[in-house]
2 protein chains.
Amino acid sequence: NDPVSLENFKFLQDVDFMRSMFGEIRTKVFDAILSKMPKGDAGNSVVLMAGGTTKDFEYYDSDTEKCVFRQEAFFRYLFGVNEPDLLGLLDMARRRVILVVPPQPAGLEKWIGEQHDAAWYEKRFGLDSVVFSNDINSVLQDMKIQNIYTLFGTNSDSRNETRTIPKFPEMDKYTVNNAFLYPILTECRTFKTPKEIEYLRIATLVSSQAHVYVMRHAKEGLSERQLEAMYFGFCEYFGGARHVAYTCICASGPHASILHYGHAGRPNDRFIVDGDLMLLDMGGEYNGYATDITCSFPVNGTFTDDQKIVYNAVRAAQENVNKAMKPGVMWPDMHRLAERTILEHLLAGGLLKGSVDDMMKVFLASTFMPHGLGHLVGLNVHDVGGFTEQYPRLTEEGVKYLRTSRELRAGMFLTVEPGCYFIDSLLDAALADPTLNCFINADVLKRFRGAGGVRLEDDVMVTENGIENFTKVPRTAEDVEAVMAVKALSAAA
Amino acid sequence: NDPVSLENFKFLQDVDFMRSMFGEIRTKVFDAILSKMPKGDAGNSVVLMAGGTTKDFEYYDSDTEKCVFRQEAFFRYLFGVNEPDLLGLLDMARRRVILVVPPQPAGLEKWIGEQHDAAWYEKRFGLDSVVFSNDINSVLQDMKIQNIYTLFGTNSDSRNETRTIPKFPEMDKYTVNNAFLYPILTECRTFKTPKEIEYLRIATLVSSQAHVYVMRHAKEGLSERQLEAMYFGFCEYFGGARHVAYTCICASGPHASILHYGHAGRPNDRFIVDGDLMLLDMGGEYNGYATDITCSFPVNGTFTDDQKIVYNAVRAAQENVNKAMKPGVMWPDMHRLAERTILEHLLAGGLLKGSVDDMMKVFLASTFMPHGLGHLVGLNVHDVGGFTEQYPRLTEEGVKYLRTSRELRAGMFLTVEPGCYFIDSLLDAALADPTLNCFINADVLKRFRGAGGVRLEDDVMVTENGIENFTKVPRTAEDVEAVMAVKALSAAA
Ligand SMILES: [Mn+2]
Ligand SMILES: [Mn+2]
């Protein structure tokens with residue numbers, strides 16, 4: 001009911017819309033910073049941020065790049081420009097957004113074009129001013145700036161520190177505060193603005209339609225790599241994505257039990273055979289905004305009974321979570337709800353025996369779903385804001401895999417991605433553990449060894465009353481089979 | 001006459017073929033090193049090389065990567081493995097190729113899969129042995145190694161230094177020579193082996209077919225970005241390319257006069273209009289091997305008379321060069337031949353006046369073709385080996401843009417990419433220069449302002465008698481129009 005359309009491309013690449021979105025974001029960020037900034041500081045303070053660099057994208061010693069430049073997420077959030085070697089300033093007193101560009105060396109224009117002038121940047125990105133990097137000190141002096149707030153912190157998801165460090169020669173003449181900003185900007189990014197929500201809705205729609213396209217064109221004899229090709233081609237053609245948000249996971253058959261399959265060492269290179277259950281975890285990136293969707297389906301278009309047991313277990317978990325989500329709900333409770341649902345289905349399917357309550361007590365679910373239920377998504381696919389002082393990383397089995405432990409609130413954009421896998425190392429460990437193996441029908445489980453697994457991943461926006469599911473892919477087993485029966489997609493490129 | 005076929009995908013992803021190709025390369029490299037190594041060193045020396053690292057591909061502070069890992073070219077050439085954080089050894093006495101892998105930390109197997117065992121690597125890449133990185137010192141001790149030859153040098157094309165530096169804790173106990181290896185390996189890479197030639201032939205065929213596909217599907221109203229999407233999708237679907245060899249240049253209309261259009265700051269984002277002349281410079285990368293092809297065509301399928309003047313000038317230059325190329329020919333002479341041909345056509349077309357000999361003396365051609373005629377291609381798109389002590393970078397106008405000044409020899413793989421552009425800054429400079437403007441019919445030239453330009457880029461292999469042109473795209477203006485008249489491509493995905 002959502003037609004494949006180049007209108008989505010136009011929306012996602014619409015510079016007027018983007019500019020209005022940046023305006024909304026900046027208003028929110030200025031408000032947030034000013035509400036926490038020490039009284040008296042606003043008049044003589046700027047925020048100074050650095051974007052990514054050319055150097056970081058250089059492809060070894062060659063003159064080419066690893067891939068086309070991707071801006072650092074915080075910088076893109078505030079300044080919008082996807083070019084390397086930039087700085088950005090927020091003038092707190094006057095609420096002005098200033099881009100700082102390096103002057104383009106003479107003679108480069110025939111290679112890369114004339115440098116855009118200030119008016120071009122200002123209009124396109126809704127900036128108040130553009131200055132050259134060699135003028136930054138005099139600009140700050142003119143503004144009587146004494147304090148520079150920089151962005152520095154530890155990403156609570158990856159545990160990596162900020163790598164974009166702003167510098168200019170006279171910087172040590174200023175009082176620099178590198179601790180204040182990070183939690184504030186992180187909290188801003190955690191909750192999407194109305195226009196970000198509008199943007200993510202269409203971004204997720206295109207990424208969904210790409211999944212449907214691949215689903216309909218997958219067949220035995222193809223390489224997993226060819227599904228990646230179709231996916232990325234679709235996301236770029238219909239949405240303008242120059243990157244996928246993360247390396248495509250195109251797992252067929254047994255490979256679906258490798259949760260992050262598809263990396264360079266497992267490069268989606270198996271040839272698909274009849275009977276394979278596919279697990280495709282792929283999402284396009286549109287102007288920096290990530291999507292993250294997983295579909296599982298039988299490559300020949302028809303689930304076996306055993307495949308359906310696993311599929312329906314995961315689908316029920318996803319449905320239960322989607323129905324239960326709303327502001328005030330604790331995310332770890334959703335993880336437990338998914339685990340419980342999956343165990344109930346595996347019990348009904350004959351793989352398990354005994355009481356689900358007892359299984360939950362010994363964390364049996366982690367044998368089958370050894371990852372978190374979902375995570376925040378935004379300008380990073382595993383977005384910032386997942387953990388705070390109030391909501392730390394958890395340690396209990398199962399929920400320790402979560403990338404956020406927060407209470408849901410409107411404007412959070414999360415994945416809901418329950419899964420059920422048959423991972424030899426985990427099954428062997430469970431079968432050797434008397435606290436776990438008492439629940440397992442080992443003979444039945446044997447039938448599922450090597451079958452891979454199922455993951456179903458939706459991207460959903462928390463609203464005032466529940467969620468809006470932005471992911472538009474067939475989800476019931478019946479719908480998957482029905483969609484796959486339609487092999488031709490009329491509007492495809 | 002070369003049908004679009006998944007057989008090419010199978011060939012390009014054929015691990016048996018790749019292994020045999022690596023065998024051929026290693027024999028040649030061992031021979032080359034041993035022929036130059038000081039007598040007596042072979043018995044107690046290894047070559048130690050480092051591949052690219054995970055860290056270099058990290059996407060800022062997130063837990064994802066900028067793009068899927070791409071191995072460093074020298075490392076891939078010798079060891080074949082496209083995974084990060086590896087070392088490689090050549091045991092010179094026994095002519096053995098040894099891969100050094102870091103042990104995979106426990107617990108990662110559910111995320112990325114079990115670590116491949118030694119036998120898997122050995123078989124797949126034709127390696128003699130695989131050892132863990134923490135054993136490297138004892139392995140060298142057992143082999144009674146005293147000398148370590150590492151790869152370090154300056155890339156003569158980019159002028160950047162080697163960035164993959166091998167290290168292990170006990171390395172300072174050995175005598176390290178970091179100067180010997182670079183020129184030898186560079187010279188090896190400059191000349192392709194028979195199996196590399198076979199591989200590049202098919203790689204270039206697929207990248208050619210992708211161009212034809214895009215040519216047939218380009219139309220007004222599309223974004224340049226959508227041509228990039230189709231190109232990359234095709235190269236991956238029909239060849240397995242996970243990367244393009246370099247950022248796609250999808251220039252429509254005036255943008256064709258920006259030679260390296262398509263970068264992040266000019267991100268292929270113009271909407272194409274009727275009458276545009278397109279310039280698409282795009283090439284897939286297949287298992288590390290680059291291709292580099294440019295096609296120019298009128299988006300509506302029919303050249304105007306003015307477009308044909310420019311197109312035929314460039315086509316004639318390419319044809320003249322392709323016919324003249326053979327071993328013994330000096331590459332700078334080919335650059336001059338292309339320049340002369342273009343000037344002759346611009347003269348006949350009425351843009352210029354006077355004597356072409358005189359124009360050549362004042363380097364008028366650089367106003368219209370301000371780049372080199374072509375460059376070596378291999379594991380880098382701008383490959384190593386272009387300059388040596390004997391064949392340095394040139395300084396004379398025109399040929400100073402060349403990335404190689406060498407004499408052609410069989411096994412060299414080069415681009416032949418003459419071009420003719422209407423670049424405002426260069427035209428303005430020429431019109432203001434009395435030594436140049438005396439040749440220019442300024443009134444006629446006006447008609448061409450803003451038209452962009454034409455580049456035609458073939459990838460050709462120098463053979464014993466001439467060249468084999470691996471690029472299979474329509475090249476005469478008539479053939480381009482005929483191919484574009486066939487809008488449907490039956491075998492397309
Ligand atoms: Mn996810
Ligand atoms: Mn080229």
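## Exercises on rings and cavities

In chain B, the charged end of B:Arg409 sits over the ring of B:Phe191, 4.1 Å from its centre. The model behind these exercises is predicted.

**Exercise 1.** Find what lies over the face of A:Phe191.

*Solution.* Start at the ring of A:Phe191 and look along its face: A:Arg409 lies there, at 4.1 Å from the ring centre.

**Exercise 2.** Classify the ring pair of A:Phe11 and A:Phe17 as stacked, tilted or edge-to-face.

*Solution.* First, check the distance: the ring centres are 4.7 Å apart, and rings pair if their centres lie within 6.5 Å. Next, take the planes, which stand at 50 degrees to each other. Planes under 30 degrees apart count as stacked and those over 60 as edge-to-face, so the pair of A:Phe11 and A:Phe17 is tilted. Over all chains, a search finds 44 aromatic pairs.

**Exercise 3.** Describe the largest cavity and its lining.

*Solution.* Begin with the count: the structure holds 7 cavities of 30 Å³ or more. The largest has a volume of about 500 Å³. Of its 28 lining residues, the closest to the centre are A:Phe232, A:Arg242, B:Phe232, B:Arg242 and B:His243. Now sort the lining by type: 12 residues are nonpolar, 4 polar and 12 charged. Finally, look at the elements: helix 10 (224–239) and strand 7 (243–244) of chain A, and helix 10 (224–239) and strand 7 (243–244) of chain B, each supply at least two lining residues.

Conventions
Residues numbered from 1 in each chain as written. Chains lettered and ligands numbered in written order. Predicted model: local features only at pLDDT ≥ 70, side-chain atom pairs only at ≥ 80, totals over all residues. Heavy atoms only, no water. 1 Å grid on protein atoms, 1.4 Å probe; cavity = no way out; pocket = protein on both sides within 12 Å on 5 of 7 lines; lining within 4 Å. Points joined across faces, edges and corners; volume = space filled by probe spheres on them. Helix = DSSP H or I, 4+ residues; strand = E, 2+ residues; numbered from the N terminus. Nonpolar A, V, L, I, M, F, W, Y, C, P; charged D, E, K, R; others polar. Phe/Tyr/Trp six-rings, centres within 6.5 Å; stacked < 30°, edge-to-face > 60°. Lys NZ or Arg CZ within 6 Å of the ring centre and 35° of its normal.
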